Amino acid sequence: MNIAVIIDNLPRFAAGLALTLEITAISVVIGFCMALPLALLRVSRNPLLWMPVYGYIFYFRGTPLLVQLFLIYYGSGQFRDQLEAIGLWPFFREPIYCAVLSLTLNTAAYTAEIMRGAIQAVQHGEIEAARACGMSGGLLYRRIILPMAFRVGLPAYTNEIVFLFQATSLVSIISLLDLTGVARILISRSFAAYEIWIFTGALYLAVSYAIIWLFGKLEHSWSGHLRDRPGVQLAPGAIKQAVALR
Amino acid sequence: MDSLFDFHGYGWMLWDGLRVTILVGLCAIVVALAMGLLGCWGKLSGNRAARIAADAYTTIVRGVPELVLIILVYYGVTTLLQHVLQAIYGAEVLIDIDRFSAGVITIGFIYGAFATEVFRGAFLAIPKGQGEAAKACGMNRVLIFRRILMPQAWRFALPGLGNLWLVLIKATALMSVIQLDELMRKADIAARAVRLPFTFYFAASLIYLGITIVSMLLQQRAEGWANRGVRRA
C-alpha cells in the first residue's frame with residue numbers, strides 16, 4: 001500500500017470533496033424550492049396544471065441522469081447561436097452551471113414525486129377535521145397538510161439526498177474536479193489505483209452515512225409526539241430503510 | 001436549421017446501442033437477482049460470518065457512487081487479478097475482461113446489494129407459521145423454499161424488483177464510461193460525428209423513456225400474475 005500518495009494529496013481530496021458537497025447543497029436547496037410548488041400543482045385536479053408537471057417528472061425520472069447532463073452540457077452547443085442571441089451562452093458554456101442545472105432539475109422531479117406521495121398520504125379525517133374548524137386553502141396546507149407530509153416524506157427524502165450526493169460523481173465526466181474527478185486525475189498521474197479508489201470510496205461512504213445519521217436525528221425529533229414514552233428509540237429498521245431504493 | 005430529428009443516416013447506431021443496452025440490462029438483472037438471493041440468505045441465515053459478509057456488502061455498495069464502483073471494478077479487479085496471478089506464476093500475465101462481461105458483472109454486483117434488501121423484506125413478510133407448517137408436513141428445506149417461500153416472496157418482492165430494474169437499466173448508461181457500445185455511447189459517437197449533440201442525446205433519452213414505459217406496463221402484468229389467487233378487498 002502506498003499511503004504517501006494519499007497523504008501528499010490530502011488538500012486536493014479536500015478541494016474535490018468541497019466541490020462535491022457544494023454542488024450537492026446547491027442542487028438540494030434549489031431542487032427543494034422547485035419541488036414544493038411542483039408537488040402542489042401535481043396534486044391539483046385541473047389537468048392543465050397537473051399534466052405538464054407529470055410530464056416533467058416522468059421525463060426526469062425515466063431517463064438516466066447522464067443523458068440529462070450531456071443533453072444540457074453538450075446539447076446546448078447545438079443551439080449556440082440562439083443562446084448567444086439571448087445572452088445565455090456564458091451560462092451553458094460552463095460545466096459547473098450545467099452540472100448544477102441538470103442535478104437540480106433531476107432532484108426537483110424526484111422530490112416533487114416524494115412530496116406528492118406524502119401529501120396524498122395525509123389522512124382524510126385530518127383534512128376534514130381542519131375544514132370543520134374553518135381552515136381552508138393556504139391555512140389548511142400550512143398548518144395541517146404540509147407539516148404532516150414533511151414528516152411522512154422525510155425517510156424517502158433522505159434517500160434522495162444520499163442518491164443525489166452520490167450522483168454528483170457524474171460531473172467528473174464533464175471535466176469537473178469533484179471528488180471523483182480528483183481521484184481520476186491522481187490515478188492517471190500516480191498509478192496508485194487501489195489506494196486512491198479505496199480512499200475515495202471511503203470518503204463517499206462516510207459522508208453518505210453521515211447524511212443518513214443527520215436526517216435520522218431530524219426524523220427522531222419530528223416524530224416526538226408519535227413515540228409512546230420517552231427514551232424509546234425508533235425501530236432499528238428505520239436507518240436501514242433510509243438507504244433502501246428510491 | 002434543419003429538422004430536429006434528422007439523424008443524417010446515423011439512426012441505426014441508436015438501434016444497435018439499444019440492443020446492447022437491453023442485453024446488458026437483462027444479463028445484469030440476472031446477476032443481481034442471484035447476488036440478491038445469496039445476500040438475503042446471508043442476512044437471514046444463522047451463520048454469523050455470512051451475516052457479517054452480507055451486511056458489509058450492502059453497506060459498502062450502497063454508500064459508494066456507482067461510477068466509482070464501475071471504474072474500480074473494471075480497472076481495479078483486472079489489475080488485481082494480474083498482480084495475484086503474477087505472484088503465483090512468476091511470469092507476466094495479461095488479463096483482458098471484455099467490456100460486456102465487465103459491465104454485466106459490475107452492474108449486477110452493485111444492484112445485487114439493492115436486491116438483497118428487496119428479497120429480505122419479501123421473505124420477512126411471509127408469516128413464520130407457514131414455514132413451520134410445511135416442516136410439519138414433512139417437507140425438506142429445499143422443498144419449503146421452492147413450494148412455500150419463493151412463490152410468495154415473488155409477490156412481495158415484485159414492486160421492489162420492478163423499481164430495481166428501472167434504476168438498473170438507467171445505470172447501464174454509465175457503462176459508456178468504460179466504452180461499452182451501449183445506447184449512450186452510440187449516441188455519443190453519432191453526436192460527435194455529425195455535430196448534433198442535442199438531437200442524438202434527446203433521441204437517446206426518449207428511447208430510455210420508452211424502455212421505462214414498456215417496463216412499467218410489463219411490471220403491472222407481472223404483479224397481476226404474481227397476485228393471482230389473492231383475495232382483494
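**Entry 1: a loop in chain B.** I began with Gln179(B), and I found this residue in the loop between helix H6 (141–171) and helix H7 (183–194) of chain B. Since I am working with a predicted model, I note that everything here is computed from that prediction. The phi of Gln179(B) is near 60°, which is a positive value in a residue other than glycine. Is Gln179(B) buried or exposed? I count Gln179(B) as exposed, because it has 12 C-beta neighbours inside 10 Å and the cut-off for exposed is 12 or fewer.

**Entry 2: a loop in chain A.** I then turned to Ser175(A), which is found in the loop between helix H9 (137–167) and helix H10 (179–190) of chain A. Ser175(A) is not a glycine, and yet I read a positive phi of about 70° for it. With 11 C-beta neighbours inside 10 Å, Ser175(A) counts as exposed.

**Entry 3: chain A as a whole.** How many helices and strands does chain A have? I listed 12 helices and 0 strands, and when I followed the elements from the N terminus on, I wrote them as α-α-α-α-α-α-α-α-α-α-α-α. The C-alpha atoms of chain A fill a box of roughly 70 × 55 × 25 Å, taken along the principal axes. Of the 246 residues in chain A, 37% are buried. I also looked at contacts in chain A between residues at least 6 apart in sequence, and 77% of these join residues at least 24 apart.

**Entry 4: one residue of helix H11.** I picked Leu218(A), whose place is in helix H11 of chain A. Leu218(A) counts as partly exposed because it has 14 C-beta neighbours inside 10 Å, a count that falls between the cut-off of 12 or fewer for exposed and that of 20 or more for buried. I also looked up Leu218(A) together with Arg151(A): the two are 67 residues apart along the chain, and their C-alpha atoms are separated by 9.5 Å.

**Entry 5: where the chains touch.** I noted that 30 residues of chain A are in contact with 34 residues of chain B. Which elements give two or more residues to the side of chain A that touches chain B? I found helix H3 (47–62), helix H4 (65–73) and helix H11 (193–222) of chain A, and H11(A) gives the most, with 9 residues. Sorting this side of chain A by class, I recorded 19 nonpolar, 11 polar and no charged residues.

Definitions and conventions. Residues numbered from 1 in each chain as written. Chains lettered and ligands numbered in written order. Predicted model: local features only at pLDDT ≥ 70, side-chain atom pairs only at ≥ 80, totals over all residues. Contact = placed C-beta atoms within 7 Å. Helix = DSSP H or I, 4+ residues; strand = E, 2+ residues; numbered from the N terminus. Nonpolar A, V, L, I, M, F, W, Y, C, P; charged D, E, K, R; others polar.
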